[in-house]
Amino acid sequence: YKLSVSPEMDIMEYCRKEWRGNTPVAKRMRKGYEAVAQKFASIRRIRGDNYCAFRATLFQALSQATQLPRWLQSEDFTMLPENLLSKYDWIKQWQLKQKPGKKMAEISDEIKEYLILLRKKWKNISEIKDPLEKQEACDKLFKNEEEEYSLYEALKFLMLNTAIELYNADKSGRRVPVFSWLLFARDTSSNPCQLMHNHLNHIGHSGGLEQVEMFLLAYALQYTIQVYRLYKYSTDEFITLYPNDPEEDWPVVTLITEDDRHYNIPVRMCQETTL
C-alpha cells in the first residue's frame, strides 16, 4: 500500500538523501532545495503516479482552504455534465477511471457524483478551524483511494469545461490568456474534442499533466499554482507561476518539481517556525 502524501520530512535532509553525488545536476538540485528551504521547512512526498500534479495541487488547496471557492458555490455547478453533454455529443467518449465504455447517461450521473463529492469535501475541510485537525482531515481524505480518484475525475472534467469556455471565447473574438492559444496550437489538441481524446482521457492512465495543462488546471480551479522548478535553478524559470499573470484574488498553492513530471509539496512556511 502506497501513501498518497507521505509524512513531513526536513527539506535539506530529504535533499541530502536524494542528491548525494557531485555531478552538475546534483549540485544544481541542492542549490534549488536550499533556496526552497529559505521559505519552507519541510517537504511531503507525493505518490508518483500520473495523477501527482492533481494530487499535489488539490492537497495544498484543501489544506489551506478557509472557504468554498465562488465557482463551487454556484447553483448550476453540479448540472455541468448534463449541460455540456446536451451541447457536445463527443463528450460521450469521456473516459471514466477504470470504466471505459460507459453509456452517456451513466457518465453524466457519475461525473455529477464526483462534482458533488468535490464540493462536499472542500466545504467540510474549509470549515475546520484548527490547523492540526484540518491537516488530519486532508491526510485522511488522501488515504481513501476511491474518493481521491473520484476527485481527480472531477478536476479533469472542470478542465474540459474551462477549455471549452476558452475555445468559444477565442472563436467569438474575446480576449483569452496566451496559454489558451498554445493549448489549441498543438496538433493533438486543436479543439476541445481533441484535447479530451488525446490528453484529458489519458491523464492518470498513460500520462500526467503537461506544462500547458498546468495553466488549464490553474484556470479551472481559479488558483495560482506556484512551482519551484529545481532543475531551472538560477534561471528566470526557477519559480514559475501558472498562470503567469494571475488574478489578484486567486489563492496561491506552492509545489516543487525536479523535472516537470513529478510534483512534491513544501510545507511549514519558515515564518511559522520562528514564531
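I take buried to mean under 20% relative accessible area, exposed over 50%, and partly exposed in between, with a 1.4 Å probe and protein chains only.

**Ground rules.** I am working on a predicted model, in which local features need pLDDT of at least 70 and side-chain atom pairs count only at pLDDT 80 or more, while totals for chains, interfaces and linings use all residues. I number residues from 1 along each chain as its sequence is written, and the side-chain values use heavy atoms, with hydrogens and water left out.

**Ile-46.** I looked up Ile-46 and found that it counts as buried, because its relative accessibility is 4%. I place Ile-46 in the loop between strand S2 (40-44) and helix H3 (52-63), where helices (H or I, at least four residues) and strands (E, at least two) are DSSP runs numbered from the N terminus. Setting aside its neighbours within four places in sequence, I list among the contacts of Ile-46 the residues Ser-4, Val-5, Arg-55, His-262 and Tyr-263, contact meaning heavy atoms within 4.5 Å. For His-262, which lies 216 residues from Ile-46 along the chain, I note a C-alpha separation of 8.2 Å.

**Salt bridges.** I find 18 salt bridges in the structure, each being a side-chain nitrogen of Lys or Arg within 4 Å of a carboxyl oxygen of Asp or Glu. One of them joins Glu-147 and Lys-121 at 3.3 Å, N to O. This pair links distant parts of the chain, since Glu-147 sits in helix H8 (residues 145-171) and Lys-121 in helix H6 (residues 104-126), 26 residues apart. Lys-121 has 17% relative accessibility and therefore counts as buried.

I next checked Lys-156 and Glu-153, whose side chains meet in a salt bridge at 3.6 Å, N to O. The two are about one helical turn apart, because they are three residues apart in helix H8. Lys-156 is buried at a relative accessible area of 1%, and Glu-153 is buried at 0%.

I then followed Arg-229, which forms a salt bridge with Glu-237 at 3.4 Å, N to O. Arg-229 counts as buried at 3% relative accessibility, whereas Glu-237, at 37%, counts as partly exposed. Both belong to a network of salt bridges that also links Lys-232 and Asp-260.

I place Leu-182 in helix H9 (residues 178-185).
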